[in-house]
Amino acid sequence: NRELFEAVPALLDTSISPAVAAALEGATATELQRVEFMAGGSCRILHLRLLPFAGGLTGFVSDITDRTAAEEALRVSEERYALALAGANDGIWDWDPANDVMYFSLRWKAMLGLTPDETTINPMEWFGRVHAEDIGPLKKAIAAHCADQSGHFEHEPRVCHRDGKYRWM
């Protein structure tokens with residue numbers, strides 16, 4: 001039964017105090033996506049929703065510190081992966097069958113004579129470029145790879161270049 005700022009004085013120096021005052025004054029709901037403050041020697045991050053209720057406010061507070069750290073670690077990891085792909089001189093494609101999308105490295109597109117924005121994420125576009133004699137064995141090799149969950153997949157089908165000729169890829 002204490003006031004918020006009495007219970008957690010560190011919150012006084014955040015955007016919460018003005019948001020509480022504004023919500024009380026205007027009787028409108030307010031949301032603060034990210035409020036940072038120091039607690040116990042470390043930075044904590046909160047997400048708040050303030051709702052006017054019975055002449056006061058009801059607040060819903062979520063500590064998103066761990067989630068925010070995980071999202072940042074994922075962003076950094078994805079950035080490093082993208083830089084590694086960009087630095088490799090290999091044509092790389094990556095298929096996410098669960099979501100049925102494909103990623104093509106810029107080098108892969110260049111090897112096929114395509115511009116960076118010329119392909120989509122649709123797997124059927126890529127499979128449509130594979131030579132008719134090679135599509136069956138390719139799909140069979142992909143199925144075998146997925147069945148044994150091996151970490152490395154290698155297959156060399158002929159793929160149609162922009163000039164209409166097929167190249168071993």
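**Entry 1: aromatic residues**

I began with the aromatic side chains, and I found that Trp93, Trp95, Trp108, Trp126, Phe127 and Phe153 form one aromatic cluster. I note at the outset that I am reading a predicted model.

Lysine 139 lies over the face of phenylalanine 127, at 5.5 Å from the ring centre, and arginine 49 lies over the face of phenylalanine 60, at 5.2 Å from the ring centre.

**Entry 2: nonpolar cores**

Which residues make up the largest nonpolar core? I listed 12 residues in all, namely Met102, Phe104, Trp108, Leu112, Leu114, Trp126, Phe127, Val130, Leu138, Ile142, Val159 and Met169. The elements that contribute two or more residues to this core are β5 (101–104), α5 (123–129) and α6. Apart from this core lies another, of 11 residues, which includes Leu11, Ala19, Val20 and Leu46.

Setting aside neighbours within four places in sequence, I found valine 159 in contact with Leu112, Arg129, Val130, Lys165, Tyr166, Arg167 and Met169. From valine 159 to phenylalanine 127 I read 8.6 Å, C-alpha to C-alpha, for a separation of 32 residues in sequence. For methionine 169, again leaving out residues up to four places away in sequence, the contacts are Trp108, Met111, Leu112, His155, Glu156, Pro157 and Val159.

**Entry 3: the sheet and its helices**

Next I traced an open sheet of 3 strands, whose order is β1-β2-β3 and whose pairing is antiparallel. Its edge strands are β1 (30–39) and β3 (56–63), each of which pairs on one side only. I noted that neighbouring strands of this sheet are turned against each other by 35 degrees on average, direction ignored. Helix α2 (residues 16–26) packs on the sheet and touches β1, β2 and β3, its direction making about 150 degrees with that of β1. Helix α3 (residues 65–87) likewise packs on the sheet with contacts to β1, β2 and β3, and its direction makes about 120 degrees with that of β2.

I went on to the pairing of β1 with strand β2 (residues 42–53), which is antiparallel and runs over 8 bridges. Among the bridge partners in β2, I recorded serine 42 for alanine 39 and arginine 44 for phenylalanine 37. The hairpin of β1 and β2 has 2 residues between the strands, and glycine 40 in this hairpin takes a positive phi near 60 degrees.

Is threonine 65 buried or exposed? Threonine 65 lies in helix α3, and I count this residue as buried because its relative accessible area is 10%. Beyond residues up to four places away in sequence, threonine 65 touches Cys43, Arg44 and Ile45.

Finally I looked up the backbone at aspartate 100, where phi is near 55 degrees, a positive value in a residue other than glycine. I marked this down because most residues other than glycine have a negative phi.

Methods. Residues are numbered from 1 along each chain as its sequence is written. This is a predicted model: local features need pLDDT of at least 70, side-chain atom pairs count only at pLDDT 80 or more; totals for chains, interfaces and linings use all residues. Side-chain values use heavy atoms; hydrogens and water are left out. Two strands pair if DSSP finds at least two bridges between them. Helices (H or I, at least four residues) and strands (E, at least two) are DSSP runs, numbered from the N terminus. Axes are lines fitted to C-alpha atoms, for helices over the stretch in contact, and angles run from 0 to 180 degrees between N-to-C directions. Contact means heavy atoms within 4.5 Å. Rings of Phe, Tyr and Trp (its six-membered ring) pair if their centres lie within 6.5 Å; planes under 30 degrees apart count as stacked, over 60 as edge-to-face and the rest as tilted. A charge sits over a ring if NZ of Lys or CZ of Arg is within 6 Å of the ring centre and within 35 degrees of the ring normal. A nonpolar core is a set of buried Ala, Val, Leu, Ile, Met, Phe, Trp, Tyr and Cys residues joined through side-chain atoms within 4.5 Å. Buried means under 20% relative accessible area, exposed over 50%, partly exposed in between (1.4 Å probe, protein chains only).
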